[in-house]
Amino acid sequence: MISILLATYNWPQALKLCLESLATQTDKNFEIIIADDGSTESTKKVIDSFMDSYPIAIKHLWQEDHGFRKTKILNQAINAAYGDYLVFLDGDCIVQPDFVARHRELAQKGCMVTGSRVLLDKGLTQELLSWPQWSFQKFSSGLLGMRLSGGINKYLPLKIKLGDGSWRDYKKFVWRRIKGCNMACWKADAKAINGFDETITGWGHEDADFVFRLQHHGITRKSGSWSTEVLHLFHKINDQSNAAENARHVREKILAKAL
């Protein structure tokens, strides 16, 4: 079974769309574990309503809000997962109906997958948040117009899906295209490297650190582009005051391993 580890923090309207998109999956053999980094009661109400409406196994893990501690709550989610394969997703992302199926197709022993995203602009994001319920069919009917108007920054990856192959494999670690909002690995591999580094706090680069340590552990990184794209809702840029320090921390690890 696949466990979707869904990170969220105080954006219940976006989480509602994300959960509704997960409810439309063609592959239904998955569970959802919500890794909640201290959201208020409004987020819990959205989750409870979803649990009442859809027959999907869902678990809500919550920790007190003491700043950005995504690594800590994700490690709790890893431990709580029943599935042997983990797909990491953020609550400000909407998934396509074949999202789980595509990740299952790319899953391979000894490998992890780093997917990509399609960015939505502010206007389109506000429009989708006003919808009473998510509908991919309704959304996809206007894709070309959205691309021409700048509502989305990619068009073809939503229309063309490519299968698996060795061309997806990265030969070495690179920072590019690592998005914690869309990546996957085997639970056993995540446990083998002790999950995310909880000394990394504040926004930035906890995902790159995770990918680097998996690759150093002998796991091959595969690209999930042209297959698993998620729709990333527009929002204000997070507090990045810790980003430079986090990047330095990761670079020191990379350098130490290379010596």
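This is a predicted model: local features need pLDDT of at least 70, side-chain atom pairs count only at pLDDT 80 or more; totals for chains, interfaces and linings use all residues.

1. **Packing of H1 and H2.** Helix H1 spans residues 12–22 and helix H2 spans residues 41–53; their axes come within 9 Å and cross at roughly 20°. Because angles under 35 degrees count as roughly parallel, H1 is described as roughly parallel to H2. The crossing of the two helices, H1 and H2, is right-handed.

2. **Residues in the H1–H2 contact.** On the H1 side the contact is made by Pro 12, Leu 15, Lys 16, Leu 19 and Glu 20, and on the H2 side by Ser 42, Thr 43, Val 46, Ile 47 and Phe 50. Sorted by class, the contact of H1 with H2 has six nonpolar, two polar and two charged residues. A general point bears on the spacing of such contacts: an α-helix has 3.6 residues a turn, so residues three or four places apart point the same way.

3. **Burial of H1.** Helix H1 is mostly covered, with nine of its eleven residues buried. The buried residues of H1 are Pro 12, Ala 14, Leu 15, Leu 17, Cys 18, Leu 19, Glu 20, Ser 21 and Leu 22.

4. **Leu 19 within H1.** Leu 19 is found in helix H1 and is buried, with a relative accessible area of 0%. With residues up to four places away in sequence left out, Leu 19 touches Leu 6, Ile 32, Ile 34, Val 46, Phe 50 and Ile 58. Of these, Val 46 and Phe 50 are also among the H2 residues that meet H1. Leu 19 and Leu 6 are 13 residues apart in sequence, and their C-alpha atoms are 9.3 Å apart in space.

5. In helix H10 (residues 206–216), ten of the eleven residues are buried, so the helix is largely enclosed by the rest of the structure. The buried residues of H10 include the charged residues Glu 206, Asp 207, Asp 209 and Arg 213; Ala 208, Phe 210, Val 211, Phe 212, Leu 214 and Gln 215 are buried as well. Just after H10, Gly 218 takes a positive phi of about 100°.

6. **Cysteines.** How many disulfides does the structure hold? The structure holds zero disulfides. Cys 93 is in no disulfide, and the nearest cysteine sulfur, that of Cys 181, lies 4.1 Å away. Cys 93 is buried, with a relative accessible area of 0%. Cys 111 is likewise in no disulfide; the nearest cysteine sulfur is that of Cys 185, 11 Å away. Cys 111 is also buried, at a relative accessible area of 6%.

7. **Thr 71.** Thr 71 lies in helix H3 (residues 70–80) and counts as buried at 2% relative accessibility. Leaving out residues up to four places away in sequence, Thr 71 touches Phe 196, Asp 197, Glu 198, Ile 200 and Glu 206. Glu 206 is one of the buried residues of H10. Between Thr 71 and Gln 25, 46 residues apart in sequence, the C-alpha to C-alpha distance is 27 Å.

8. **Thr 125.** Thr 125 is found in helix H5 (residues 122–130) and is buried, with a relative accessible area of 0%. Its contacts, not counting residues up to four places away in sequence, are Trp 11, Leu 120, Leu 233 and Phe 234. The C-alpha atoms of Thr 125 and Ser 149 are separated by 13 Å, the two residues being 24 residues apart along the chain.

9. **Ser 227.** Is this loop residue buried or exposed? Ser 227 is found in the loop between strand S9 (220–223) and strand S10 (230–232), and at 1% relative accessibility it counts as buried. Not counting residues up to four places away in sequence, Ser 227 touches Arg 102, Leu 106, Lys 161, Leu 162 and Arg 168.

10. Asn 10 has a positive phi of about 50° although it is not a glycine. Asn 10 lies in the loop between strand S1 (2–8) and H1 and is partly exposed, with a relative accessible area of 32%. Arg 177, also not a glycine, has a positive phi of about 65°; Arg 177 is found in the loop between helix H8 (156–159) and strand S8 (182–186).

Terms used: Residues are numbered from 1 along each chain as its sequence is written. Side-chain values use heavy atoms; hydrogens and water are left out. Axes are lines fitted to C-alpha atoms, for helices over the stretch in contact, and angles run from 0 to 180 degrees between N-to-C directions. Helices (H or I, at least four residues) and strands (E, at least two) are DSSP runs, numbered from the N terminus. Angles under 35 degrees count as roughly parallel, over 145 as roughly antiparallel, 65 to 115 as roughly perpendicular and the rest as oblique. A crossing is left-handed if the near helix is turned anticlockwise from the far one by less than a right angle, and right-handed if clockwise. Contact means heavy atoms within 4.5 Å. A disulfide is a pair of cysteine sulfur atoms within 2.5 Å. Buried means under 20% relative accessible area, exposed over 50%, partly exposed in between (1.4 Å probe, protein chains only).
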